[in-house]
Amino acid sequence: MDAFVVKMAEFIKVEMVTDLAHDFEHVRRVVRNATQLCSAEKANEWVVMPAVWLHDCLTLAKDHPKRSSSSIMAADKALVFLAKIDYPAEHFDHIHHAIVAHSYSADITPKSLEACVVQDADRLDAIGAVGIARCLQVGSALQRRLYEPDDPFALYREVDDAQFTLDHFYQKLLKIEETMHTDEAKREARIRTDFMHHFIRQIRQEINF
C-alpha cells in the first residue's frame, strides 16, 4: 500500500485544480481523518485510502453550474490513474462509489462502510476551526459579504450563502453533523459543531446584535 500511496500523493499534487478550500493540505487532513475512522470502523483501507487521496483529483468551483457532477468526474479520472499504476482492480467499483458519494452537493447516500468513512472524513474537514477558516476563504474569494446587515443571522429572511458568508453556516455547515455515519465521526462532529456555535455567538456579541 505504501508504494501506491506515494504515487497517489504525487498524482494529486499535479492533477488537482486547487482553490482556497481545496488544496493539498485539505487532502492530507481528509486522509488523516479517514485513517483514524478506517481503523476505528475496521473498514477496508484498500478502498478508503485511494478514495480519500483522489477524491478531489478533479473539482469544479463552488459556483460552477455542474458542481454536483464534480465527484463523478473525479471518480472516473481516479480509476484511469489507478489502472495505470496497476492498483488491484477488484476494488475499483467500491472506490468509484466512495469518491462519487463523498460530495455534499451530489447528495448521494453511501452504500458501503468504506464510502461512509470517506464521506465522514471529508465532511469533518468542513466544520470546526478549519471549517470556519475554509468558509471565510471561499467567501472572500467569491466576494461575498460577511453578513446581511439588517438580519445577520437570518431570523426573518431566507438564508442566502451566495450573498453572505455567515449564511453558509445555516445553509450547510451546522447541518453536517446530522449527516455523519460512523460513531467516531459523530463524536468529533459534535465537538466541531459546538465550536462553530460558539463562533457565531461571539460574532453576535461583537456586532452587538
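This is a predicted model: local features need pLDDT of at least 70, side-chain atom pairs count only at pLDDT 80 or more; totals for chains, interfaces and linings use all residues.
Q: Which residues belong to domain 1 and domain 2?
A: Domain 1 covers residues 1-106 of the protein chain, and domain 2 covers 127-208. The contact takes 13 residues from domain 1 and 14 residues from domain 2.

Q: And what area do domain 1 and domain 2 bury between them?
A: The two domains bury about 1,200 Å² between them, with 61% of it on carbon and sulfur atoms. On the side of domain 1 that touches domain 2, the residues divide into 5 nonpolar, 4 polar and 4 charged.

Q: How many salt bridges cross that interface?
A: The rule finds 0 salt bridges between domain 1 and domain 2. The count of residue pairs in polar contact between these domains is 2.

Q: Changing topic: is helix α3 mostly covered or uncovered?
A: Helix α3, residues 45-54, is mostly covered, as 8 of its 10 residues are buried. Among them are Trp-53, Met-49 and Pro-50.

Q: What do those buried residues of α3 pack against?
A: They pack against α1 (2-15), α2 (24-41), α4 (70-84), α5 (92-101) and α6 (113-124).

Q: Which residue caps the N-terminal end of α3?
A: Asn-44 does, with a side-chain oxygen 2.9 Å from the backbone nitrogen of Trp-46.

Q: How many residues of α5 are buried?
A: In α5, 7 of the 10 residues are buried, including Phe-92, His-97 and Val-100. The elements covering the buried residues of α5 include α3, α4 and α6.

Q: Back to salt bridges: what is the count by this rule?
A: The count comes to 10 salt bridges. One of them joins Arg-29 and Asp-125, whose closest N and O atoms are 2.6 Å apart. This pair links distant parts of the chain, 96 residues apart: Arg-29 is in helix α2, and Asp-125 is in the loop between α6 and α7 (128-141).

Q: Is Asp-125 buried or exposed?
A: Asp-125 is buried, with a relative accessible area of 2%. Arg-29, Asp-125 and Arg-134 are linked in a network of salt bridges.

Q: What about Glu-188 and Arg-192?
A: Their side chains form a salt bridge, with the closest N and O atoms 2.7 Å apart. The two residues are separated by about one helical turn because they are 4 residues apart in helix α9 (residues 183-206). An α-helix has 3.6 residues a turn, so residues three or four places apart point the same way.

Q: Where do Asp-194 and Arg-190 lie?
A: Both lie in helix α9, 4 residues apart, and their side chains meet in a salt bridge at 2.4 Å, N to O. Asp-194 is partly exposed, with a relative accessible area of 36%, and Arg-190 counts as partly exposed at 35%.

How values were computed. Residues are numbered from 1 along each chain as its sequence is written. Side-chain values use heavy atoms; hydrogens and water are left out. Domain bounds come from an automatic or database domain assignment. Contact means heavy atoms within 4.5 Å. Buried area is the accessible area (1.4 Å probe) that two parts lose on being put together, summed over both. A salt bridge is a side-chain nitrogen of Lys or Arg within 4 Å of a carboxyl oxygen of Asp or Glu. A polar contact is a pair of N or O atoms within 3.5 Å; within protein, one must be able to donate a hydrogen and the other to accept it, and residues adjacent in sequence count only if both atoms are side-chain atoms. Ala, Val, Leu, Ile, Met, Phe, Trp, Tyr, Cys and Pro count as nonpolar, Asp, Glu, Lys and Arg as charged, and the others, Gly among them, as polar. Buried means under 20% relative accessible area, exposed over 50%, partly exposed in between (1.4 Å probe, protein chains only).
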